[in-house]
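Trainee: Please take a close look at one single part of this model. I would like one connected account, starting from one residue.

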Amino acid sequence: MNLRPDPTFHATAALAMKAPVEKLAFTLMLSPDGSQPDGLAVVDVDPSSKTYGEIVHSLFMPNKGDEFHHFGWNACSSALSPLTGHAFYERRYLIIPGIRSSRIYVIDVKEPLDAKIHKIIEPEELMEKTGYSRPHTIHCGPEGIYVSTLGGGGEDGTDGPPGIFIMDCETFDILGRYEMDRGPQDKHYDFWWNLPKDYMVSSEWGLPPQFENGIVPEDLLSNKYGHSIHFWDLRGRTNIQTIDLGENHQMALEIRPAHEPTKEYGFCGVVVDTTNLEGAIFTWWRNEDGTFDAKKTITIPPVPADPDDLPELLKGFAAVPPLVTDIDLSLDDKYLYVACWGTGEMHQYDVSDPMNPVLNGKVEIGGIVAKKKHPNGSDFGYGPQMVEISRDGKRVYWTNSLYSTWDDQFYPGERGAAMVMADVGENGDFALNKDFFVKFPKGYRSHQIRLEGGDCSTDSFCFPSF
Amino acid sequence: MEATQTVAALWGAVIISGLYHGLNPAMGWPLAVSAALMERKHSAMPKALSALAVGHFLSMSLILLPFSLMASLVTWESQIRIAAGVLVVLFGIYLLINRRHPRILARIPPSKLALWSFLAALAHGAGLMLVPLYLGLCAPEDTTMNHKAATTLMAGNAGAAIWVAGVHTLAMTAAGGVLAVLMYVWLGLRFLSKTFFNLDTVWALSLILVGAFGVYSAAAS
């Protein structure tokens, strides 16, 4: 507990945009075959530094086979909520779940170059206290740290539905399940919320047997992955509405609400439409009467390809699906970045009008068939995947691995981990920076990125900017 | 003369405690700012401040009224005041040791400001801080009081409790309101986080101080 709020907490998104720019990034490293321990890489992102674009510190875990995926901070701007009145937490700990092991690490990064393990929560404890497994998305909110999970109980995680649990934001004790009434929700992936308006939105990937050993083509073609988004009374902990996006819209993943709390809309990315292999973005919004609606506002077509150039999984389709695996919204709610992991493109949409997004820019790199090189001449394995935007919106970082077993199906063979960055100009010009290309230790893949002091998928703001 | 001075000092303390509670962000003034900003209309601020005041007033009254009944047991007057003082000190010590904030507050929806204010004040022992002051005000000024009927005393004490809660709440609302208006009209949200100080320790110490004063004044009278 500090005497003053952490200087990286901001009352509004506009204030966060004006805050000092990030000098360090934290990136997760995973060993795809579990032969080495997973780790946290601290990356120098300060262009004036001699070690710019290099890993300046790595912390490896004492276990193997965790499979790091997403992670998040113990505290963020949500601590300034006027309903809390105690904004004195520090943004100091990174909560890193192992999506395969169900183990959770709390890493103290007060001194980033001396990052150390603060606490480890073993999978047995998580299971005993919540009945959930495969922890995933982290957000700090009114009752503490909220963590979504992808699995329920039992060996394969199908004994009971997955859900969200709450951790204490100081002791990191697991407090228990979030849901009082989950309604029809039986799968899980991402979630986020609007704190002053008191609602939460969650999404669905699939159950552990549908992803742990790779994508199950029969399940995909019979539309058995998640295709609904759920709306919750946040503090009442009840599901108030479920919207089925249509069963052909397989895997509704990232939920990105507008950062401005007076705007009651957001986006959700859909990996693949099984009727035509398109990728899609839905815009969801809240009506005056408190009900929600969703509408498909972006479609991205597949690219025809010679079956000889395609992995086993895609040969029959003679096309590369875009595979929308991650999306991220800039703090001014102006640009939505959409990772097309299959075709190897990062799209930048102007979503000033959320119902009519306009493609404003595009970066091509990697891809199943395109295999486009980085401007510095290096190969970029896989495709653009986990994307994170700087608070000021001028730099967009991304890595290239989706999930160990899925990487191997869509991109057979080791293709090398990478983290790159694109600059965004005043008028939205969007192009890769040829001086920034982070190399990772051999045998590792790279996943989510978090920026020092917060980024565009971390902080929830409790006050409007204007 | 001395008695009048004491009474004036005690009422002064009631007002000061109100100002103090009002300035503490944990008692809700940032909610008034956020209400006006979220609803995009100025009138939302006085509405929010009123809701916060109602909750705070009820919370003060809930704590003070039981003491008003006890205060009519004139024979046990000083014992009751000492016990009440000790209770307040103990609650202060408890808050010093237990720095956790009750999670139930996080379950209250932002639309229920009066309920939030009521429970926030209760959880922080805001009402307890007034108890020694209130009992000081109820203390019989001279022995002739002893002959008054218990029912009259009780009614008078209950009335005094409402007055103490009311004056305190007015002072609280004025202080919080001024800060909220300053933030909303002139300073802007950049200053919001700058005005937040962690008052946990000071708050707990205030309870201990007020409680100790209650014990001391009861023992001295």
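Mentor: Ile95(A) counts as buried, because 25 C-beta neighbours lie inside 10 Å. The cut-offs: buried means 20 or more other C-beta atoms within 10 Å of the residue's own, exposed means 12 or fewer, partly exposed lies in between, and C-beta atoms are placed from the backbone. This is a predicted model: local features need pLDDT of at least 70, side-chain atom pairs count only at pLDDT 80 or more, and totals for chains, interfaces and linings use all residues. Residues are numbered from 1 along each chain as its sequence is written, while chains are lettered from A and ligands numbered from 1 in the order in which they are written.

Ile95(A) sits in strand S5 of chain A, residues 93–97. Strands (E, at least two residues) and helices (H or I, at least four) are DSSP runs, numbered from the N terminus. Asn74(A) is 21 residues away along the chain, yet its C-alpha atom is 6.5 Å from that of Ile95(A). Leaving out residues up to four places away in sequence, Ile95(A) touches Phe71(A), Gly72(A), Asn74(A), Ile104(A), Val106(A), Ile138(A) and Ile145(A). Contact here means C-beta atoms, placed from the backbone, within 7 Å.

Now the wider setting. The largest nonpolar core has 189 residues. Such a core is a set of buried Ala, Val, Leu, Ile, Met, Phe, Trp, Tyr and Cys residues joined through C-beta atoms within 7 Å. Among the members that touch the most others are Leu94(A) and Val324(A). Helix H3 of chain B, residues 44–70, gives the most to this core, with eleven residues. A second, separate core of six residues includes Val320(A), Ile368(A), Tyr382(A) and Tyr411(A).

Notes:
Contact = placed C-beta atoms within 7 Å.
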